[in-house]
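I opened a new notebook page for this structure. My plan is to look things up one at a time and write down what I find.

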Amino acid sequence: MRSAILLTICTLSALLLVARGSEKPSAAPPPVVAVGVAAASDLIRSGGHRYLDVRTEEEFRSGHVEDSLNVPYLFFTSQGREKNPKFIAQVAAGFDKEDNIVVGCKSGVRSELACADLMAAGFRNVKNIEGGYTAWVESGLAVKKSQAQDEL
């Protein structure tokens with residue numbers, strides 16, 4: 001009796017190992033592609049890419065890349081940073097999943113996270129701007145400032 005139980009356990013264990021071995025391991029998500037600001041500017045000027053600014057609305061109003069779309073990835077609240085629960089839906093309202101999108105934030109951190117979320121949601125052609133808007137400005141690339149700032 002004891003050997004029959006051991007044989008059954010061994011058989012079931014072997015079957016379980018075979019079944020697990022036949023499962024395909026889940027593919028790791030592809031890495032986020034990063035581009036420098038000069039390359040990003042060239043991509044946008046060529047007309048093949050659009051700029052998605054994932055900074056807060058306040059940051060965006062202080063200055064932004066011309067013709068960019070602002071969809072905040074995070075909100076800064078009294079409780080801290082909160083992810084925008086409508087981020088993917090708001091991006092999908094302005095972009096198709098096949099569009100070429102260059103994503104930027106202030107320094108490149110939020111935009112990298114945003115790119116990963118967009119890729120997971122099926123957006124195929126997203127690129128993160130290394131250094132974000134800060135690097136864009138420091139490189140002397142064109143920006144649009146709010147009218148109030150232009151008057152200062």
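Entry 1, the end of a helix. I began at glycine 122, which follows α5 and has a positive phi, near 105 degrees. I note here that the model is predicted.

I checked its length next. The helix has 12 residues, and at 1.5 Å a residue they should span 16 Å. The end C-alpha atoms of α5 are 17 Å apart, which agrees.

Which residues of α5 are buried? I listed Arg110, Ser111, Ala114, Cys115, Leu118 and Met119. They cover an arc of only 165 degrees around the axis, so they sit on the same side of α5. The spacing made me recall a rule. An α-helix has 3.6 residues a turn, so residues three or four places apart point the same way. On the other side of α5, I found Val109 and Ala120 exposed.

I then asked what covers the buried residues of α5. The cover includes strands β2, β4, β6 (100–104) and β7 (125–129). It also includes helices α3 (57–61) and α4.

Is arginine 110 buried or exposed? Its relative accessible area is 8%, so it counts as buried. What does its side chain meet? I found a polar contact with the side chain of glutamate 59, at 2.8 Å. Leaving out residues up to four places away in sequence, arginine 110 touches Val54, Arg55, Thr56, Glu59, Tyr73, Leu74, Phe76 and Cys105.

I searched for rings with centres within 6.5 Å of each other. The count came to 2 aromatic pairs. One is tyrosine 51 with tryptophan 136, edge-to-face, 5.8 Å centre to centre, with 75 degrees between the planes. This pair links distant parts of the chain, 85 residues apart. Tyrosine 51 is in strand β2 (residues 50–53), and tryptophan 136 is in helix α6 (residues 132–138). I checked burial too. Tyrosine 51 has 1% relative accessibility, so it counts as buried. Tryptophan 136 is buried as well, with a relative accessible area of 4%.

The other pair is tyrosine 73 with phenylalanine 87. It is edge-to-face, 5.1 Å centre to centre, with 90 degrees between the planes. Tyrosine 73 lies in the loop between β3 (69–70) and β4 (74–77), while phenylalanine 87 lies in helix α4 (residues 87–94), so the pair ties together parts 14 residues apart in sequence. Both tyrosine 73 and phenylalanine 87 are buried.

I looked for arginines placed over aromatic faces. Arginine 50 lies over the face of phenylalanine 95, at 4.1 Å from the ring centre. The charged end of arginine 55 sits over the ring of tyrosine 133, 4.1 Å from its centre.

My last stop was the loop between α2 (37–45) and β2, where glycine 48 lies. How accessible is glycine 48? At 34% relative accessibility, it counts as partly exposed. Not counting residues up to four places away in sequence, glycine 48 touches Leu43 and Asn100.

Notes
Residues numbered from 1 in each chain as written. Predicted model: local features only at pLDDT ≥ 70, side-chain atom pairs only at ≥ 80, totals over all residues. Heavy atoms only, no water. Phe/Tyr/Trp six-rings, centres within 6.5 Å; stacked < 30°, edge-to-face > 60°. Helix = DSSP H or I, 4+ residues; strand = E, 2+ residues; numbered from the N terminus. Buried < 20%, exposed > 50% of the residue type's maximum accessible area, 1.4 Å probe, protein only. Lys NZ or Arg CZ within 6 Å of the ring centre and 35° of its normal. Contact = heavy atoms within 4.5 Å. Polar contact = N/O pair within 3.5 Å; in protein donor to acceptor, adjacent residues only side chain to side chain. Expected span 1.5 Å × (residues − 1). Arc of directions from axis to C-beta.
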